[in-house]
Amino acid sequence: GRGAVIWLGLGAAPVRSEYSFSPRLSASLAPQTAPRAALYCTNAAWANVTVEDRGAKLVSGLLPVPGEPRGIAVDVIAARAYVALHREDAVEVLDIAVGAPVGRIRLSPGDGPGEVALAADGTLVVVNERSRSVAFVDPVAQAELGRVQVAEGPSTLLLDRAGRRAFVTSRVSAAITAIDIGNRAVIATVATDPEPLRLQLSRDGSRLYVVCRGSHDIVAYAVPSLAPVARMFMGLGATTLRVDSHTDLIYV
């Protein structure tokens, strides 16, 4: 139920006769990375969360997590990480200051949680892939507050920069659903090109950009109406995109 990362080092190795050398190897326990300096990555196949040190650019921690971990949301101030357990229909709560589980939030049987995010009011937003829903969870009380239904095959989750509105792509039904987090209500659902993969907001939040597996365009939608307003040709094969919040440039 616990894991450790060992760093191996190669010390000075005097060369002999230009073709042989005597290496001196060292092994040490990786130093714990402070939450503010760490990146967290879920690994579904290995059933763990790896912790990476931003400065050293090395893996410094390993947190075993059962149940096919998918999405993760990190609250640095509270030193908590919330990991969606796809196979367990639950969210694991981790204390990232000590690297240990401290609780589990049960969802409904058959939910299959995927991506998660923390809203501005502290609510945990969870996309349930199998039950076609988005759940709103109180991470302190570790209880579900409510949920809304979305289009079939929900996958990607994006919160606006204010953390008050969520956008969910549905690959199977080729749609995007906009959700008011505070009121726990669906604002709108619109059709997209086949298999929407990723979405990003423009710098001012007035446009939502979407790439789809079955389209050669980046499509821009107006926010909050989600009316399509522009198409930009890029060719097939895009898998993700990112908008630079300083320059408004789109990277695909």
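Predicted model: local features only at pLDDT ≥ 70, side-chain atom pairs only at ≥ 80, totals over all residues.
## A salt-bridge partner and its surroundings

What does the side chain of Glu 195 meet? The partner is Arg 213, and the two form a salt bridge at 3.7 Å, N to O. Arg 213 sits in the loop between S21 and strand S22 (217–222), while Glu 195 sits in the loop between strand S19 (185–191) and S20, so the pair ties together parts that are 18 residues apart in sequence. Arg 213 is partly exposed too, with a relative accessible area of 45%.

| Pair | Distance, N to O |
|---|---|
| Glu 88 and Arg 104 | 3.9 Å |
| Arg 213 and Glu 195 | 3.7 Å |
| Arg 231 and Asp 217 | 3.1 Å |

Now for the pair Arg 231 and Asp 217, whose side chains meet in a salt bridge. This one links distant parts of the chain: Arg 231 is in strand S23 and Asp 217 is in strand S22, 14 residues apart. Is Asp 217 buried or exposed? It is buried, because its relative accessible area is 9%, which falls under the 20% cut-off.

Next, take the salt bridge between Glu 88 and Arg 104. Glu 88 is in the loop between strand S9 (80–85) and strand S10 (90–95), and Arg 104 is in strand S11, so this pair ties together parts that are 16 residues apart in sequence. Glu 88 is partly exposed at 31% relative accessible area, and Arg 104 is partly exposed at 27%.

Salt bridges can also join up: Glu 68, Arg 70, Arg 87 and Glu 129 are linked in a network of them.

Zoom in on S20 and strand S21 (residues 207–212): they pair in the antiparallel sense over five bridges. Across this pairing, Arg 198 stands opposite Val 211 in S21.

In the loop between S22 and S23 you'll find Pro 224. A cis peptide bond joins Val 223 to Pro 224, with omega about 15°.

The largest pocket holds about 640 Å³ of space. It is lined by 19 residues, and those closest to its centre are Glu 115, Leu 157, Leu 158, Arg 198 and Arg 242. Strand S8 (69–75), strand S12 (113–118), strand S16 (154–159) and S20 each give at least two residues to this lining. By class, the lining of the largest pocket splits into eleven nonpolar, four polar and four charged residues.

How much space lies in the second largest pocket? About 400 Å³. It has 23 lining residues, and Gly 3, Gly 61, Leu 62, Leu 63 and Gly 99 are the closest to its centre. Strand S7 (58–64) and strand S11 (100–106) are the elements that give two or more residues to this lining. The largest share, five residues, comes from S7. The lining of the second largest pocket has 15 nonpolar, seven polar and one charged residues.

### A few loop residues

Lys 57 has a phi near 55°, a positive value in a residue other than glycine. You'll find Lys 57 in the loop between strand S6 (48–53) and S7, and it is exposed, with a relative accessible area of 70%.

Arg 132 also has a positive phi, near 55°. Arg 132 is in the loop between strand S13 (124–128) and strand S14 (133–138), and it is partly exposed at 38% relative accessible area.

Last stop: Glu 18, in the loop between strand S2 (15–16) and strand S3 (20–21). Glu 18 is exposed, with a relative accessible area of 80%. How far apart are Glu 18 and Asn 183 in space, C-alpha to C-alpha? They are 72 Å apart, and 165 residues apart in sequence.

Notes:
Residues numbered from 1 in each chain as written. Heavy atoms only, no water. Helix = DSSP H or I, 4+ residues; strand = E, 2+ residues; numbered from the N terminus. Buried < 20%, exposed > 50% of the residue type's maximum accessible area, 1.4 Å probe, protein only. Pairing = 2+ DSSP bridges. 1 Å grid on protein atoms, 1.4 Å probe; cavity = no way out; pocket = protein on both sides within 12 Å on 5 of 7 lines; lining within 4 Å. Points joined across faces, edges and corners; volume = space filled by probe spheres on them. Nonpolar A, V, L, I, M, F, W, Y, C, P; charged D, E, K, R; others polar. Salt bridge = Lys/Arg side-chain N within 4 Å of Asp/Glu carboxyl O.
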